[in-house]
Amino acid sequence: MDKIIITINRECGSGGRSIAYLLGEKLGLKVYDRTILDSIAEQFDMDVDKIERIKAQKANWWDDFCRFYQQFGAASHTPSTQPEATPLSVYYAEARLLRELAEQESCIIIGRAGFHIFRDNPDAIHLLIIANRQSRIARVMKKQGLTQEEAEKTIDAVDRARDTFVKTVADTSRYDARNYDFVLNVSGMEPEKVASFLVENIRLKMESGK
């Protein structure tokens with residue numbers, strides 16, 4: 001297979017992360033997910049959880065844009081200056097790091113608005129993994145040992161944060177099917193079978209020249 005960048009957006013509890021790692025094993029690709037934030041957090045001198053909370057905030061694009069570039073300019077004259085973490089500045093840092101990684105090798109990127117970062121890259125294939133609410137709740141309850149009520153609150157909070165981040169940085173809904181090459185509802189399906197299905201169809205799409 002030639003150079004490929006696979007971005008995977010997913011609903012909380014859909015099993016998208018597991019599918020991504022199985023896909024990585026089958027295709028021999030590295031998978032980058034939340035751990036990518038470790039490098040970003042280091043830039044802003046704060047922990048990963050705080051970075052995630054910042055990403056979930058709503059932001060005024062213009063104010064955020066100006067603040068980021070004012071600090072960028074200041075930092076170029078005073079190297080010790082720590083940049084202020086805002087949803088947009090975190091996105092810029094993530095996007096820069098992900099592009100550098102993808103330049104070096106084929107890979108799979110989970111979340112991080114990857115579909116938007118690589119929207120014009122001819123080597124990129126974008127996936128959205130969804131599932132019905134009942135199966136998502138059951139999965140989160142089992143995986144995290146939560147009650148049904150706790151699982152529902154977790155799903156709603158995570159999805160709301162992801163929705164806000166994508167809307168802020170990409171000015172689109174993460175559910176807009178036009179952003180993806182494949183949209184899969186995996187309710188009731190085993191992650192292994194989903195990954196196998198994707199391997200076959202991604203190869204077909206690559207061979208057809210997208």
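Is Cys-107 buried or exposed? Cys-107 is buried, because its relative accessible area is 0%; buried means under 20% relative accessible area, exposed over 50%, and partly exposed in between (1.4 Å probe, protein chains only). The model is predicted, so local features need pLDDT of at least 70 and side-chain atom pairs count only at pLDDT 80 or more, while totals for chains, interfaces and linings use all residues. Residues are numbered from 1 along each chain as its sequence is written, and side-chain values use heavy atoms, with hydrogens and water left out.

| Residue | Relative accessible area |
|---|---|
| Cys-12 | 9% |
| Cys-107 | 0% |
| Arg-136 | 5% |

The structure holds 0 disulfides, a disulfide being a pair of cysteine sulfur atoms within 2.5 Å.

Arg-136 lies in helix H7 (residues 133–144); helices (H or I, at least four residues) are DSSP runs numbered from the N terminus. Beyond its neighbours within four places in sequence, Arg-136 is in contact (heavy atoms within 4.5 Å) with Cys-12 and Asp-159, among others including Glu-11 and Ile-155.

Helix H1 (residues 16–27) packs against helix H9 (residues 191–207) at about 50°, the axes being 9 Å apart. Axes are lines fitted to C-alpha atoms over the stretch in contact, and angles run from 0 to 180 degrees between N-to-C directions. H1 and H9 are therefore oblique to each other; angles under 35 degrees count as roughly parallel, over 145 as roughly antiparallel, 65 to 115 as roughly perpendicular and the rest as oblique. Residues making the contact include Leu-23 of H1 and Val-199 of H9.

Terms used:
Helices (H or I, at least four residues) and strands (E, at least two) are DSSP runs, numbered from the N terminus.
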